[in-house]
Amino acid sequence: MADGTAWNVPGPEEVAADALRLLAESDETLAVAESLTGGMVAAALTAVPGASRSFRGSVTAYATELKHRVLGVDAALLAAEGAVNAQVAEEMAAGVRRVLGASWGIATTGVAGPDPQDGQPVGTVFVAVAGPGGRKSARLRLNGSRAEIRRESARTVLELLSSELRENLRGQDTEQNGGI
């Protein structure tokens, strides 16, 4: 069950392939900012043949100070709320998008365990996407081992991206077809 196969839930690699296909269709690019996933999202993306067409790169900002220094997350926000926060995730996604010059940015931040962090229990995760139309984040409450929490976080941020890409493509189709 931990690998998602019990319920036919796709793993990060399958979701990454879908996201990269959607990015290629719209001739757009992606950058990734990761904290608790420690490079898993980038690894899932680069496992897909042809990923270099759309994937620009990633920043693993595991230390809180790097979220500010490298990605431009507001230092006052980090000091007041800690790194496990929806706004932090959104600023990470927007920051990596800007720093790496991509059409889209996605981010993960949260607590995989074994101990709580920033007053948040293990399994609290925020994922975010930043794109041409703005920013969106989601709060996850995950159970399981550290590895399961990290894997599900990677899968979910890629699903959020795919969802936003589909919505963006639908919007473009509607505009091109005269609003029909």
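The points that follow cover the nonpolar cores, a pocket and the salt bridges.

The model is predicted. Its largest nonpolar core has 32 residues, and a search of the whole structure finds eight salt bridges.

**Nonpolar cores**

- Within the largest core, the residues with the most contacts are Leu30, Val41, Leu45, Ile106, Leu158 and Leu161.
- Two or more residues each come from α1 (12–25), β1 (30–34), α2 (40–46), β3 (104–110), β4 (124–131) and α6 (146–176); α6 gives the most, with eight residues.
- Beyond its neighbours within four places in sequence, Val41 is in contact with Val32, Glu34, Ile106, Thr108, Ala154, Val157 and Leu158.
- A second, separate core holds 22 residues, including Ala83, Val84, Ala93 and Ala102.

**Second largest pocket**

- This pocket has a volume of about 160 Å³.
- Its lining consists of 14 residues, and Tyr62, Gly110, Val111, Ala112 and Gln117 lie nearest the centre.
- The lining comprises six nonpolar, five polar and three charged residues.

**Salt bridges**

- In helix α1, Asp18 and Arg21 lie three residues apart and form a salt bridge with the closest N and O atoms 2.6 Å apart.
- Asp18 is buried, at 18% relative accessible area, whereas Arg21 is partly exposed at 40%.
- Asp18, Arg21, Glu25 and Arg166 are linked in a salt-bridge network.
- Glu164 and Lys136 form a salt bridge at 2.9 Å, N to O, linking helix α6 to strand β5 (residues 134–141) across 28 residues.
- Glu164 is buried, at 13%, and Lys136 is partly exposed, at 36%.

Note on methods:
Residues numbered from 1 in each chain as written. Predicted model: local features only at pLDDT ≥ 70, side-chain atom pairs only at ≥ 80, totals over all residues. Heavy atoms only, no water. Core = buried A, V, L, I, M, F, W, Y, C linked by side-chain atoms within 4.5 Å. Buried < 20%, exposed > 50% of the residue type's maximum accessible area, 1.4 Å probe, protein only. Helix = DSSP H or I, 4+ residues; strand = E, 2+ residues; numbered from the N terminus. Contact = heavy atoms within 4.5 Å. 1 Å grid on protein atoms, 1.4 Å probe; cavity = no way out; pocket = protein on both sides within 12 Å on 5 of 7 lines; lining within 4 Å. Points joined across faces, edges and corners; volume = space filled by probe spheres on them. Nonpolar A, V, L, I, M, F, W, Y, C, P; charged D, E, K, R; others polar. Salt bridge = Lys/Arg side-chain N within 4 Å of Asp/Glu carboxyl O.
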